[in-house]
Amino acid sequence: MIAMPFETPRNDQPKLRLAVEGDLPSTEEDFIADIAIVGLGYVGLPTALAFHAAGMRVIGLDASPARIAAVQAGRVDLLPSDLERLSVALEDPGFTVTMDPSLIADAAAVIIAVPTPVDEYLLPDLRILRSACETVTANVRAGQLVVLTSTTYVGTTNDMLVKPLAERGFTAGRDVYVAFSPERIDPGNASHAHEDVPRVVGGVTPACTELAAEMLSRYVGTVHRVSSPEAAEMTKLLENTFRAVNIALANEFSEASRALGLDVIEVIDAASTKPYGFTRFTPGPGVGGHCIPCDPHYLLWQLRRARVDTPLIEEAMKGIANRPIHVADRAREVLSDTGKPLLGARILMLGVAYKPNVEDVRESPALEIVERLIEGGAEVDYHDRFVPAIRLPGGEAKHHVPDPAIGSYDLVVVHTRHMGTDTSLLGAAPMVLDATYSLPLAANVVRV
Ligand SMILES: NC(=O)c1ccc[n+]([C@@H]2O[C@H](COP(=O)([O-])OP(=O)(O)OC[C@H]3O[C@@H](n4cnc5c(N)ncnc54)[C@H](O)[C@@H]3O)[C@@H](O)[C@H]2O)c1
């Protein structure tokens, strides 16, 4: 029988025990906190707040002083419900935000949620994850549970946690408990509460899986167990590769439909009436953020080494990478249809965040689209109330134009539709290129 008593109410005197009984030696430790979260970003902070709201005592650790200051000041990009949770948490001594990694040793369970980007060659950049795992490994003590949640290649949990822990004399499943549980949070989307999205978990041993599942079920309703950390790592890669391939397919159908004189959204709406065997994906300006443009490359990288061909995924990722170029080409074409060359054209980009209702511009297709249009000789402004400034890949900085005179632009490219975006103003634009595929078609509105 495995028990993980987190019963001690928040604010109580510290007395927490992580215990495993049965075929494994029983481990008993007192911890002054329940959960330590390493990395307080788009994933780690809402997770910390969800655990705190569920009554856990939480230590949030981040390596960035700017991030710590922003969290402490409540100036962070979160859903309104999470901002409320943050203001409650910041008043509670049971919620600590720190840069001190030695506090990792104070928590019964440690969750790692740091970025896993790709470099300019689209190869996994594992430096941040490696460094965070080294910090955790150096501060772990007996009886703790360590759960990696960053999206990564298959085998990372073993390479970056299990083996280094063994070098420190901690055997996973005996002295410490180690698991992988992919994060599925969708920042800026309030329609799926954090608590309602099931978690997948795979531990190094059955005891590791059970402890991790027990810990996660403190805030989430459903936990799905798999047989190993590797199965859990591959699950996340499948989820995001599935999205990447389907987005690439939707983009391709958009081009095919336009060539055949059809409205792709009418076709997708019709296909979506099928109650089985079809999942709705819509075309767009490309993909951004730290998931879809990056995660499948972790799989491709690993499979290349194993000499396994995955042409479908390779082609999908190429299509995704080339999509912003296609949008810029369409802008040139649409302008040319109205007798205006790109050179000297005035273009307004509406929305530059990589998706609605967030201020995140990491990997946003908008950056490359704007840069290409400028390279073609256009004068480009952008309007996005969530994003005060952007830096283009070539280094140029641009600033949000708060009240653009829509009628003064030759073309408006609609890239991101945040909640509350007033699209009625677009009536004044000579031409609108809709990369969101969400505007009704009109005399002055065309789609990518
Ligand atoms: N953002 C999403 O929508 C999303 C969804 C699901 C999964 N993921 C995955 O979750 C992971 C985290 O992504 P994110 O979007 O939260 O990243 P993020 O960039 O928003 O936040 C990461 C935080 O970790 C901190 N950090 C970096 N190194 C650290 C260290 N050694 N110690 C402590 N803190 C450190 C950074 O300062 C930053 O505040 C990634 O693997 C990502 O692929 C992200």
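Start by selecting helix α9 (residues 295–305) and helix α10 (residues 311–337), whose axes come within 11 Å and cross at roughly 135°. Axes here are lines fitted to C-alpha atoms, for helices over the stretch in contact, with angles from 0 to 180 degrees between N-to-C directions. At that angle α9 is oblique to α10 (under 35 degrees is roughly parallel, over 145 roughly antiparallel, 65 to 115 roughly perpendicular, and the rest oblique).

This is a predicted model, in which local features need pLDDT of at least 70 and side-chain atom pairs count only at pLDDT 80 or more, while totals for chains, interfaces and linings use all residues. Residues are numbered from 1 along each chain as its sequence is written, and side-chain values use heavy atoms, with hydrogens and water left out.

Next, show the side chains of P296, H297, L299, L300 and R304 on α9, and of I313, E314 and M317 on α10; these make the contact (heavy atoms within 4.5 Å). They divide into 5 nonpolar, 1 polar and 2 charged residues.

Now move to strand β9 (residues 199–203) and select R199. Helices (H or I, at least four residues) and strands (E, at least two) are DSSP runs, numbered from the N terminus. Is R199 buried or exposed? R199 is buried, because its relative accessibility is 2% (buried is under 20%, exposed over 50%, partly exposed in between, with a 1.4 Å probe and protein chains only).

Then pick S181, whose backbone oxygen is 3.2 Å from a polar atom of the R199 side chain. A polar contact is a pair of N or O atoms within 3.5 Å; within protein, one must be able to donate a hydrogen and the other to accept it, and residues adjacent in sequence count only if both atoms are side-chain atoms.

How values were computed
Nonpolar A, V, L, I, M, F, W, Y, C, P; charged D, E, K, R; others polar.
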